[in-house]
Amino acid sequence: MSIRIVYGRAGCGKTFYCLNEIKDRITGGADHQLVLLVPEQYTFQAERDLIKILNTGGILGNEVLSFRRLAYRIFNEVGGITLPHLHSAGKSIIIYKILSKAKNDLKIFGKTADSQGFVATISNLLTEFKRYNLTPDDLIQTAAKLAADDLLKDKLEEIGYIYAEYEKNIQEKYRDADDDLTLAARKLESTDFLTGAEIWVDGFDGFTPQEYRILAELLKRVKRLTVCLCTDSLEREGLWDETDVFAPVKRAFGKLKAISEELGIKMEPAVNLNRNPLPRLQNSEELAHLERYFYTYPFKPFGEETKDISLYSALNAFTEVESIARDIIRLVRDEGLRYRDIAVVTRDLGSYESLIQVVFDEYEIPYFLDRKMELVKHPLVRMILAMLDIFNHNWTYEAVFGYLKTGLTGID
C-alpha cells in the first residue's frame with residue numbers, strides 16, 4: 001500500500017503518463033484491477049483516450065470511474081441501492097413542505113420562505129453541507145456557542161431545524177444522491193472490492209471531504225494510489241499564500257499527505273513532469289508564454305507579434321458571433337482547415353445559442369451545439385412513452401397526437 005503524487009502544470013503530460021502506465025501494466029500481464037478515477041464529466045473522454053492508447057478496441061480488465069460511478073459499484077457489491085433516489089424536484093417539494101409548515105415559527109426565514117428561488121437556495125445549501133460532512137447537530141452546536149443576540153445564531157438554528165426535518169422526511173423512504181459518497185465510504189469498510197487494485201486519480205484540482213474519505217478508505221486496501229495534481233511545485237504549507245494560482249491544489253496535496261501519515265501509508269517520491277516547453281504547447285511560443293505568466297506577478301510581457309492569440313472587441317454579442325463566423329470561413333477557405341477542426345467555446349451557452357444558430361445558418365457553417373438535453377425530449381423516447389400513454393389512458397386525444405407529432409410514424 002502506497003500513495004504517489006504525479007504533478008506538473010497544465011499540458012505537461014500527466015494524463016498521458018497515467019494512460020501509458022496502465023498500458024504497461026496490461027501488456028505486462030498484471031493480474032490486479034486497474035482503475036482510472038476521473039471527474040464525472042470526463043469519464044467518456046477518458047475511456048476514449050484509454051482505448052486509443054491501448055489500441056485493442058476495448059478496455060477489458062480495467063475501468064474508468066468517477067466518484068459517483070465508484071459509489072454505485074460499491075453498492076452493487078454490498079447493497080445500498082434498494083431505496084429510490086430522490087430527484088431534485090422531489091427534494092424541493094419536501095423542503096417547500098417543511099417551510100410551509102414552519103414559516104410562522106421561523107424568525108429569520110419566515111418572510112422569505114415563499115420567495116421565488118428560496119427553496120432552490122436551501123436545496124443547494126443542504127447539498128453543500130452533505131459534501132462537507134456537516135450534520136444538523138453540527139449547526140445546532142455551533143449556534144449554541146454564539147451570543148443570544150447574534151443574528152448568525154438564529155440563522156444557524158433555523159437552517160439546522162430545516163436540515164433535521166429534511167433528513168427525517170427522507171430517512172425511511174428515499175436516498176439523497178448527495179449522501180452516496182458518504183454511504184459508499186462507510187460500506188467500503190465491509191467489502192474486499194478493489195483490494196490489491198492500482199488506481200490512478202486524474203483531472204481534479206481538489207477534493208471534498210466526502211471524496212477524501214473515499215480516498216482514505218481506498219488507501220487502506222489498494223496496492224498503489226497515484227494522484228495527479230496540476231501545480232508548479234509541491235511546497236509545504238507556509239511557503240505559499242492564497243494568491244498563488246495553485247493554492248487549492250497545494251492545499252489538496254497537504255491534505256493527502258496528512259491522510260497518508262495518519263493511516264501510516266507510505267508516500268512514494270513525487271514524480272515531477274514540469275519541463276519547458278510543455279509538450280502540449282511546444283508548437284506555440286506565445287501560448288506557452290501565456291500559460292507560464294497568466295496570474296503571475298511580476299509578469300513578463302511577450303515582446304513579439306502574436307499569431308496564435310488575438311483579441312477582438314465587439315460592439316455587442318451579435319457582432320461578436322458574426323466576427324467568429326467570418327473567421328471560421330477564412331480558416332476553412334484560406335488555411336485548409338475543416339469545420340470539424342474548429343471549436344467555439346463560451347462560458348454562457350444560453351446567451352449565445354440563438355445567435356449562433358441564426359448567424360451560422362446564414363453563413364452556411366455546419367455546427368453541433370454541445371448542450372445537455374433531457375432524454376424525454378428525444379423523439380424516439382417520446383414516441384415510446386406516447387405509445388404507452390395510448391393504452392394506459394384508453395386512446396385519449398393527447399396521447400394519440402403526442403404519438404403522431406413525434407415525426408417517426410410515417411404520417412406527415
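Figure 1. Phe360 is buried, with a relative accessible area of 4%. Tyr367 is partly exposed, at a relative accessible area of 32%. Buried means under 20% relative accessible area, exposed over 50% and partly exposed in between, for a 1.4 Å probe and protein chains only. The model is predicted: local features need pLDDT of at least 70 and side-chain atom pairs count only at pLDDT 80 or more, whereas totals for chains, interfaces and linings use all residues. Residues are numbered from 1 along each chain as its sequence is written, and side-chain values use heavy atoms, with hydrogens and water left out. The structure holds 10 aromatic pairs. In one of them, the rings of Phe129 and Tyr163 have centres 5.7 Å apart and planes at 20°, so this pair is stacked. Phe129 belongs to helix H5 (residues 118-131) and Tyr163 to helix H7 (residues 151-170), so the pair ties together parts 34 residues apart in sequence. Both Phe129 and Tyr163 are buried. For Phe360 and Tyr367 the ring centres are 5.7 Å apart and the planes stand at 80°, so that pair is edge-to-face. Rings of Phe, Tyr and Trp (its six-membered ring) pair if their centres lie within 6.5 Å; planes under 30 degrees apart count as stacked, over 60 as edge-to-face and the rest as tilted.

Figure 2. Phe67, Phe204, Phe207 and Tyr212 are linked into a cluster by ring pairs. Lys255 lies over the face of Tyr212, at 5.8 Å from the ring centre. A charge sits over a ring if NZ of Lys or CZ of Arg is within 6 Å of the ring centre and within 35 degrees of the ring normal.

**Figure 3. Packing of helices H6 and H7.** Helix H6 (residues 136-144) packs against H7 at an angle of about 160°, with the two axes 8 Å apart. That makes H6 roughly antiparallel to H7. Axes are lines fitted to C-alpha atoms, for helices over the stretch in contact, and angles run from 0 to 180 degrees between N-to-C directions. Angles under 35 degrees count as roughly parallel, over 145 as roughly antiparallel, 65 to 115 as roughly perpendicular and the rest as oblique. On the H6 side the contact residues are Pro136, Leu139, Ile140, Thr142, Ala143 and Ala144. They meet residues of H7 including Lys153, Leu156, Ile159, Gly160, Tyr163 and Ala164. Contact means heavy atoms within 4.5 Å.

**Figure 4. Surroundings of Lys153.** Lys153 lies in helix H7. Lys153 is buried, with a relative accessible area of 14%. Neighbours within four places in sequence aside, Lys153 is in contact with Ala143, Ala144, Leu146, Ala147 and Ala148.

**Figure 5. The loop between S9 and H11.** This loop, between strand S9 (271-272) and helix H11 (285-293), contains Pro277. A cis peptide bond joins Asn276 to Pro277, with omega about 0°. Leu281 is found in the loop between S9 and H11 and counts as buried at 15% relative accessibility. Beyond four places in sequence, Leu281 touches Leu287, Ala288 and Glu291. Its C-alpha atom is separated by 6.9 Å from that of Gly11, 270 residues apart along the chain.

Figure 6. Most residues other than glycine have a negative phi, and most peptide bonds are trans. Phi of Glu364 is near 55°. Glu364 sits in the loop between helix H13 (349-362) and helix H14 (379-392), and is exposed at a relative accessible area of 67%. Asn394 has a positive phi of about 60°. Asn394 occupies the loop between H14 and helix H15 (397-404) and is exposed, with a relative accessible area of 64%.

**Figure 7. The whole chain, for orientation.** The secondary structure comes to 15 helices and 9 strands. Helices (H or I, at least four residues) and strands (E, at least two) are DSSP runs, numbered from the N terminus. Along its principal axes the C-alpha trace spans about 70 × 65 × 55 Å. Of the 412 residues, 36% are buried. Among contacts with a separation of 6 or more, 70% are between residues 24 or more positions apart.
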